[in-house]
Amino acid sequence: MKNMPFTLEQAKVGETLLVYRITDPETATIAMRLGISEGESFFLASKIPGGPVVIRRGAVEIALGRELCRAIEVARPDAA
Amino acid sequence: MSATVIQDPKAQEISPTAASGVTPPLMTSVVLAGNPNVGKSLFFNAYTGMYVNVSNFPGTTVDVPKGQIDAKTRLMDTPGIYGLSGMSEEEQVAERAILNGDVVINVVSAISLERDLFLTQQIIDYGKPLIVAVNQMDEAKARQLDVDLGKLEKLLGVPVYPTVAVMNDGLEQVKQGIAKARLGHATPDAPAPDEIRELESNMAHRMKIYGLRRQYVNAIARQVVTDQSQPGSVRQLVSQRIGYALLNPFVAFISMLVILYALYQVIGIWVAGDLVSLTEGKFMLGQNAGAWPGLVPLMQTVIGKVFAPGSFFYIVFGGEFGVLTMSVRYIFGVLFPLVLGFYVYISILEDCGYLPRIAVISDGLLNKIGLNGRAVIPLILGLGCVTMATVSTRVLTSNRERTIASTILAITIPCSAQLGVLIALMAKAGGVKAWLVYCVVLFSTLIILGTILNKLLPGRSSSLILDLPPMRIPNFKNIARKTWVRTVVFLKEAAPLFMLGSLLVAVLQATHMLEAIQNGLGPAIKAVLHLPYETAQVFIMGLVRRDFGAAGLYLMANRLSHAQLLTCLMVITLFVPCFASATVIWKERGIKESTLVLAGSWLIAFGIGALLARVMELLPLLG
């Protein structure tokens, strides 16, 4: 069975992930400007306990608050 | 405003002299635009020198530096932004500046081209003539990122210049290139420039246009950048390692302790102590200054010639709290060195990339009180001067966050003047045990207050989105510029308010109201806080200036019990901030909110003080 998409909040550090869908338009606006749009991949660099998630795409590192991570659905590349 | 208007949507040079038959505009206004941390301010510094005029963008609280490139070219810097979507006040300011300018210099970073080109393409889609400076070419080279600038120029349809701004490389070419600015190739299928802004304000259209633009830009980036995927230089690896280490909660905690201790040493001891004793003691008051009588006594002599000493007007203008004497002494003798020192410190932390990481680490905690990681900056600044910190709450995204942050600052964050008093007197209140009780009570108050505000205020706070710049050795010029701009902006804002506050206090003193208030407050303080009458003076003088009340407290300290002294210090901390910060809160937050904050601080200060006094009477914690 294929891997189902899950929210960025549930992802693990060290994974390379694909953006599956961004459920909230406000979050999608922010994400698209930063280069995170559907189908693009990124690396999950760090997760602060109870805090933001740090993702890396090329040389760009962005910290995203937990609230935003809940609106970003991701999938592992083999699921796409 | 300039008359340079580009009618032809096809690429056309907009040299001021190019359009034949049209009178060249008197001034070309050039706007610098780009993502945060791409080195935009280095361009501004290089082009304008030190002659910079920083003012609020009309109708906003965002500071925009302006300068002249030459006699016919104005340059305006804008806040670093990722796109023109009006998501914050800074973004709205940048958007208006870009739309009103004649030419845009768009600075992008060679190492984050894909991200940065979104803004570039949006400016192109909006129909603004621009040139693009691809900065940090050295970094890209070190990372084995090959950027094909010729291809980028062709795809965007605008002139593209390579730069290494820190080394001053390529800046001259960019400056010469301003005259070659042109309209670029718009995103295929995107609406025309005259209707795109309107459409982008609608969420459904915006999603569609942004999607098109992002796809288009990613395609450009893929064609232009060849990633040899090398791990980068040793320097970059070290920088990355340090960056990640600082995101480890344990390392972050230790580093925070070190930073705060260094802050105490630099600001608390050197600046607030040594430097201020020079500026305020020696220069203003003439203490240990040999033949120099001090500026304040000199002014008093002059004022004494106009108004008889002791008369109403003498007290108002030249007395202890006089408008001319007190505010000059305070603004230039105390605030200026303190604020300057604090801003140097903060600018270094910011420029080296440390501050954004602390913001990330503290985000989870701050979320609980309705703030996000960005609020650490005002909260740390508050330890220096609450007035300065209140002004800096403007960096927060929403009004709701600004309300929460400024309330917390006003009530629970002790400024450097208060910390000085605390450090001097805690030893007499039981030392370490007293500090411990103090910190627990203050921290709980902060959390409870923040949680209540977060529950009560309508709406919800914005989530953190923060670009983490690489850790690096701070750039001296950047720090000097930032510090200077911030200090000047702050003093411009605060000086008139300090004068207003001192006028108020001076009038109260001249009419003997100050004494009357102190006498009236005495019995209430005895009943509520179980403290002697004289402590009323400590609280009232604390309103004038946080460390003023302390003098009386030093004399009284030996007659108070440990518990009483601690109660007194607790109340001083929570009690209304000094008049200067009260006026700033009033100016920033409006009359209704500031009245609530001030009333709340009285209630909280006396409520917690009363509780603490009684608990300590029952449980003799401090012996």
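Among contacts in chain B between residues at least 6 apart in sequence, what percentage join residues at least 24 apart? I looked this up before anything else. The value is 74%, where a contact means that the C-beta atoms of two residues, placed from the backbone, lie within 7 Å.

**Ground rules**

I note that this is a predicted model, in which local features need pLDDT of at least 70, side-chain atom pairs count only at pLDDT 80 or more, and totals for chains, interfaces and linings use all residues. Residues are numbered from 1 along each chain as its sequence is written, while chains are lettered from A and ligands numbered from 1 in the order in which they are written.

**Chain B**

I counted 26 helices and ten strands in chain B; helices (H or I, at least four residues) and strands (E, at least two) are DSSP runs, numbered from the N terminus. The radius of gyration, taken over C-alpha atoms, is 28 Å for chain B, close to the 25 Å from the globule rule for 623 residues, so chain B is as compact as a globular protein of that length. The globule rule is 2.2 Å times the number of residues to the power 0.38. The C-alpha atoms of chain B fill a box of roughly 80 × 60 × 45 Å along the principal axes. I find 47% of the 623 residues of chain B buried, meaning that 20 or more other C-beta atoms, placed from the backbone, lie within 10 Å of the residue's own.

**Chain A**

I then turned to chain A, which has two helices and six strands. Along the sequence they follow the pattern β-β-α-β-β-β-α-β. The radius of gyration of chain A is 11 Å, close to the 12 Å that the globule rule gives for 80 residues, so chain A is as compact as a globular protein of that length. Its C-alpha atoms fill a box of roughly 30 × 25 × 25 Å, taken along the principal axes. Of the 80 residues of chain A, 49% are buried. Among contacts in chain A between residues at least 6 apart in sequence, 60% join residues at least 24 apart.

**Where the chains meet**

I traced an open sheet of seven strands, in the order β1(A)-β6(A)-β2(A)-β3(A)-β4(A)-β5(A)-β10(B), with antiparallel pairing; two strands pair if DSSP finds at least two bridges between them. Why do β1 (6-7) of chain A and β10 of chain B each have one side without a neighbour in the sheet? Both stand at the edges, each with a single partner strand, so one side of each is left without a neighbour in the sheet.

At the chain boundary, three bridges join β5(A) to β10 (residues 465-467) of chain B, and these strands run antiparallel. There I see A:Ile62 opposite B:Asp467 of β10(B). Within chain A, four bridges join β3 (residues 41-47) to β4 (residues 53-57), again antiparallel. A:Lys47 stands opposite A:Val53 in β4(A).

Terms used
Buried ≥ 20, exposed ≤ 12 C-beta atoms within 10 Å, placed from the backbone.
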